[in-house]
Amino acid sequence: MGLKIRTDLALEAKESLDEDGSLNGVVFDEQTDGSTGIKVSRLRILNETGERSMGRAKGVYYTFETVSLSENDGEYHREVSEFLAGYIRETIKKHMKKEPPYHVMVVGLGNREATPDALGPYVVNNLDITEKLAEDDWRFGYVLSLIHIYVSAISPGVMAQTGMETAQIIMGVVKELKPDCMIVIDALAARSTARLANTIQLSDTGIMPGSGVGNHRNAINDRNMGVPVIALGVPTVVDAATIVGDAL
């Protein structure tokens, strides 16, 4: 009986299940962007058959891969950021039932005291928060209305720090702020060391906090939150067995 290694990447789940690209209820395609060199894989889970096959919710999963992402190159990082932002904007528009401007609430999941799990809080620390500024200053609000997006953010911590379910904290904030959609950012688990810090996953299906380390919590998705939930993650964790296997 083989060792089952956890992964949060839909692409890796497909690779482990399917060799010929013919999983029922799943459509897969990939291409490489000419200007940035980013390999873009799109996996669509179409129905319940696909959900059962993949063990993941129905929706679209993008995987962006580039070995240069882990290099200390600020100019290239900006290119990647702008490329990714285009996909995020399109995903938001796809799920909106109203015209812009949109209030987007960003949720940085994870424990800022643990380096492999600190991605979400660090991203929130570096965001330009604009929702409150728009309320307080009509001139600033006018400028933002031209951009079409207002941003608020929260880093709810982890249950070991707060004693509360992360999903419950977020539900309370959503109920009060009533955002149009959420972007949830989290560190992910991979089953290949080659994908650490070189891969980004974007999906429109929400996220299950703690799943990468086998600590399943309540799902953060549109059904539980009442608004569209876009999940964004970077693999920063692998099992010890993966490291040994890759080394050998």
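Reader: What makes β4 and β5 a pair, and is the sense parallel or antiparallel?
Author: In this predicted model, β4 and β5 are joined by six bridges in the parallel sense. A pair needs at least two bridges, so the six between β4 and β5 qualify. Within this part of the sheet, methionine 105 stands opposite serine 152 of β5.

Reader: Which strands stand at the edges of the sheet, and why?
Author: The open sheet has eight strands, in the order β1-β2-β3-β7-β8-β6-β4-β5, and its pairing is mixed. β1 (26-32) and β5 (149-154) each have a single partner strand, so one side of each has no neighbour in the sheet. That makes them the edges. On average, neighbouring strands are turned by 20° against each other, direction ignored.

Reader: Which strands does α8 lie across?
Author: α8 lies across β4, β5 and β6. Its direction is at about 160° to β4.

Reader: What do the buried residues of α1 pack against?
Author: They pack against β1, β2 (39-45), α2 (48-54), β3, β6 and β7. The buried residues of α1 (10-17) are Ala10, Leu11, Glu12, Ala13 and Lys14.

Reader: How do you know that lysine 14 lies over the face of phenylalanine 28?
Author: Lysine 14 is 4.5 Å from the ring centre of phenylalanine 28. The distance limit is within 6 Å, so 4.5 Å passes. Lysine 14 is placed over the face of that ring.

Reader: How many aromatic pairs are there?
Author: The count is five.

Reader: Why is the pair of phenylalanine 64 and phenylalanine 83 called edge-to-face?
Author: The ring centres are 6.1 Å apart and the planes stand at 90°. Centres must lie within 6.5 Å, and planes over 60 degrees apart count as edge-to-face. Both values pass, so the pair of phenylalanine 64 and phenylalanine 83 is edge-to-face. This pair links distant parts of the chain: phenylalanine 64 belongs to strand β3 (59-65) and phenylalanine 83 to helix α3, 19 residues apart. Both are buried.

Reader: What makes the pair of phenylalanine 83 and tyrosine 87 tilted?
Author: Their centres are 5.3 Å apart and their planes are at 50°. Phenylalanine 83 and tyrosine 87 are four residues apart in helix α3, which means about one helical turn between them. Both residues are buried. Ring pairs join Tyr62, Phe64, Phe83 and Tyr87 into a cluster.

Reader: Why is lysine 178 called exposed?
Author: Its relative accessible area is 61%. Exposed means over 50%, so lysine 178 is exposed.

Reader: Why does alanine 197 count as partly exposed?
Author: Alanine 197 has 38% relative accessibility. Buried is under 20% and exposed is over 50%, so 38% is partly exposed. Alanine 197 also has a positive phi, about 60°, although it is not a glycine. Its place is the loop between β6 and β7 (199-203).

Reader: Where is the cis peptide bond, and what is its omega?
Author: The bond joins proline 100 and proline 101, with omega about 10°. Most peptide bonds are trans. Proline 101 lies in the loop between α3 (74-95) and β4 (102-108).

Note on methods:
Residues numbered from 1 in each chain as written. Predicted model: local features only at pLDDT ≥ 70, side-chain atom pairs only at ≥ 80, totals over all residues. Heavy atoms only, no water. Buried < 20%, exposed > 50% of the residue type's maximum accessible area, 1.4 Å probe, protein only. Phe/Tyr/Trp six-rings, centres within 6.5 Å; stacked < 30°, edge-to-face > 60°. Lys NZ or Arg CZ within 6 Å of the ring centre and 35° of its normal. Axes fitted to C-alpha atoms, helices over the stretch in contact; angles between N-to-C directions. Contact = heavy atoms within 4.5 Å.
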